[in-house]
Amino acid sequence: MAVLFHPRFFSVGIFQIQAFAAPKPRPRFSASAVNTRVDSGAAGKSGTAILWYKHDLRVEDHLGLNAASQHRCVVPLYIFDRRILSRFSDETLELLLFALEDLKKSLTEQGSNLLVRFGSAENVIGELVKEVQASNIFVEEEVEYELCLMLDLVKESLSTSSINGNNPEIVMWSSPFYDVKSSRDLPSSFDDFQKLKLPIVSPLPSPKLPGNVMSLSWGTLPTLDDLKEYVDDVTGGNTKKEWTSIKKFSAENLLQRKLRENRVLKPAELKEDNQQGSSISTTQRKKSEKSAFLTSQGSSVGGGSIFVLNALAAYLRYLEGTARDEYQEVHDKLRLAETREGASFQALFGSALLLGIISRNRVYFEAIKYEKERNGGFLYPFGYSTITVAATINTVVSMEWYWLLNLKGRKNEAGKFPIRIWRWKNYLIQYTVAGQEGPAILLVHGFGAFLEHYRDNVYPIAESGNRVWAITLLGFGKSEKPNIIYTELVWAELVRDFIIEVVGEPVHLVGNSIGGYSVAIVAGLWSSLVKSVVLMNTAGNIVPGYSPLSYSKDRRTSGAAWLGARVLSGYLRFNIKNILRNFYPTKTDRADDWLITEMIRASYDPGVIYVLESIFSFDLSLPLNYLLEGFEKKLLIIQGMKDPLSDSKSMLAMFREHFRGAAIKEINAGHCPHDELPNEVNSIIKEWVVTLENSCSNADNTLI
């Protein structure tokens, strides 16, 4: 655990070009539903505006509130909609209630209030527009696919409404970190983006709201128990609830207990105290009255903006001595959360940023203000003076980059696949899907790749009567790359949650390289989610007589890993073309310019160095024959026999010995047979799925 006991004179930030760009005053209002710049006066000062709160639970630095305040009357609204709530953990739900309570208080102090409603957003807003005769509905722009669908449904419901002869207008707004005119025109490379040296926009003060408060049934906030019951009620279905309960138990804790007992555990057999192994333990220090750790778990900063800003001040001042109890509490939590250098900021403040209790801009300027205080009003050009300042700025800059990158990907349809965004544990994950009916198939890529590595597999497999998903794992491609410790268990949990939350039914899991090992873990720990497993040149080993086993929980980043990742990064950028051609020995032309360019682009993304460090701490000690026990007849091995990374003949000999019922296909290809010889691999996978589905169907008929 990297504990920040000793100051470094300079802690180099990885985003220095933006960090030292001059701040620019924020425009009064920006961006509408048609992506045009709109002046606040153009939105109309007469009539009533509804301000729909989602992930922007504040009154300061709020473009939507500033624009809505120009109207004669403003109705702030929060909707408890399952499509929003189902994405939150229990702790985030608790933080949400604290944030809403503070927001309601802040609005009341300005002579306004917060309208609380339950139900689907399209129904609530459709009814409210008629009730208050609203001409505009202000709402923050989204990148997540399900939330974008929700916004489309709201627009559709309003298309038939007429207020004073006009349709109510949905006005999209976003809180720009940079002075960006349009995300469509931004480069996809972070390296090129840095060269633009865009100014960072200053936070807005809270606006003065109109004093006209309507006579409405404003509603009350629910208790946490009531909210959980509401979410469970609308989730519906025993199978869905059982699957959702699976997510409560981390792979690490489940695996440790499974190894101890040498058997598969059912969720009901586990106790709640075995929940997320990554959760931060609470300290024994008595909680301060000004504590920002308000939840029962006590691992995340929350409350209103004042609480969060106070906690941020404490975080930034970690190296300073203090007698303030609430500061000491933040410092205690920081030490526990600092699993690697700089990781504590995301761990402690990630949920507050997700809920929009404070904006990324405000966090950035608070960090810069403190940095100037430390340095006599100056900003050094070579880095930041404390690790906490560097962690704070690097995190918010990284979060903004991935939001812009995914917004650009969602709006641009020129790519081979329609890109969808899913949020997993506060992080943005890209995926695509093809096919309207048939068995569900999920494709998982290998290390350094992304969903487009299945560029010639997704549609051909789907066209044979399947529904095919491909995902870009956390840390790769254009998915987010946060400052965390990456492990094979992290990716296995991501795949598990994707099956539960996005696919919604058992899948045929297909994995290449480390993606193969990750899907093997999913099959071994959560077999009810998996119909079959297809391994293509998988990572991992087969070990005869594997019991008893041990599994290391210690994944701390060593000095050697820190140095090795940086050397490896430079080596890969300059040698990626030759490396890829070695991986494609039969058809070297498949290691084309597009693939090389995409891999180089990703290598400049913020956070990629943390992923490379994981190479030095992977634990592949769990043998495949242990993980896939019971899947012998539901296992397909596709092996590129010219793989430069492994002895394919020996590997297949071990598979044949220990997986007597498995299907094995030898391919005249290298490490990535699905991309080198896609037609051949597609035929094998399609035939496999048909055979297995028919076998299951015949078995069901026999039982009847």
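Colleague: Of the contacts in the protein with a separation of 6 or more, what percentage is accounted for by residues 24 or more positions apart?
Modeller: The model is predicted, so that local features need pLDDT of at least 70 and side-chain atom pairs count only at pLDDT 80 or more, while totals for chains, interfaces and linings use all residues. Residues are numbered from 1 along each chain as its sequence is written, and side-chain values use heavy atoms, with hydrogens and water left out. With contact taken as heavy atoms within 4.5 Å, the share that falls to residues 24 or more positions apart, among contacts with a separation of 6 or more, is 78%.

Colleague: How many helices and strands does the secondary structure come to, and what percentage of the residues is buried?
Modeller: Helices (H or I, at least four residues) and strands (E, at least two) are DSSP runs numbered from the N terminus, and on that basis the protein has 25 helices and 13 strands. Buried means under 20% relative accessible area, as against over 50% for exposed and partly exposed in between, with a 1.4 Å probe and protein chains only. Of the 704 residues in the protein, the buried part is 58%.

Colleague: In what order do the strands of the 5-stranded sheet stand, and which ones are at the edges?
Modeller: The sheet is open, its pairing is parallel and its order is S3-S2-S1-S4-S5, where two strands pair if DSSP finds at least two bridges between them. One side of each edge strand is left without a neighbour in the sheet, because each has a single partner strand, and these edge strands are S3 (115–118) and S5.

Colleague: Which residue of S5 is the bridge partner of Val 139?
Modeller: Strand S4 (residues 134–140) runs parallel to S5, to which 5 bridges join it. Along this pairing Ile 137 has Ile 170 as its bridge partner, and Glu 140 stands opposite Trp 173. For Val 139 the partner in S5 is Met 172.

Colleague: How many of the residues of S4 and of S5 are buried?
Modeller: Strand S5 (residues 169–173) has 4 of its 5 residues buried, so it is largely enclosed by the rest of the structure. S4 is likewise largely enclosed by the rest of the structure, because its buried residues number 6 of the 7.

Colleague: Which helix touches S1, S2, S3 and S4, and which one lies across S1, S4 and S5?
Modeller: Helix H5 (residues 121–132) packs on the sheet by touching strand S1 (48–53), strand S2 (73–80), S3 and S4, with its direction at about 160° to that of S2. The helix across S1, S4 and S5, which runs at about 155° to S5 and spans residues 145–158, is H6.

Colleague: What is the strand order of the 8-stranded sheet, and what is its average twist?
Modeller: This open sheet has mixed pairing, in the order S6-S7-S9-S8-S10-S11-S12-S13. Strand S6 (420–424) and strand S13 (663–667) are the edge strands, each with a single partner strand, so one side of each lacks a neighbour in the sheet. From one strand to the next the twist averages 20°.

Colleague: Which residue of S11 is the bridge partner of His 508?
Modeller: Strand S10 (residues 507–512) and strand S11 (residues 530–536) run parallel and are joined by 6 bridges. Helix H18 (residues 514–525) packs on the sheet, touching S8, S10 and S11, and makes about 145° with the direction of S10. The partner of His 508 in S11 is Ser 532.

Colleague: How are H11 and H14 placed relative to each other, roughly parallel or oblique?
Modeller: Helix H11 (residues 305–316) packs against helix H14 (residues 360–374) at an angle of about 40°, their axes being 11 Å apart. Angles under 35 degrees count as roughly parallel, over 145 as roughly antiparallel, 65 to 115 as roughly perpendicular and the rest as oblique. The placement of H11 and H14 is therefore oblique.

Key
Axes are lines fitted to C-alpha atoms, for helices over the stretch in contact, and angles run from 0 to 180 degrees between N-to-C directions.
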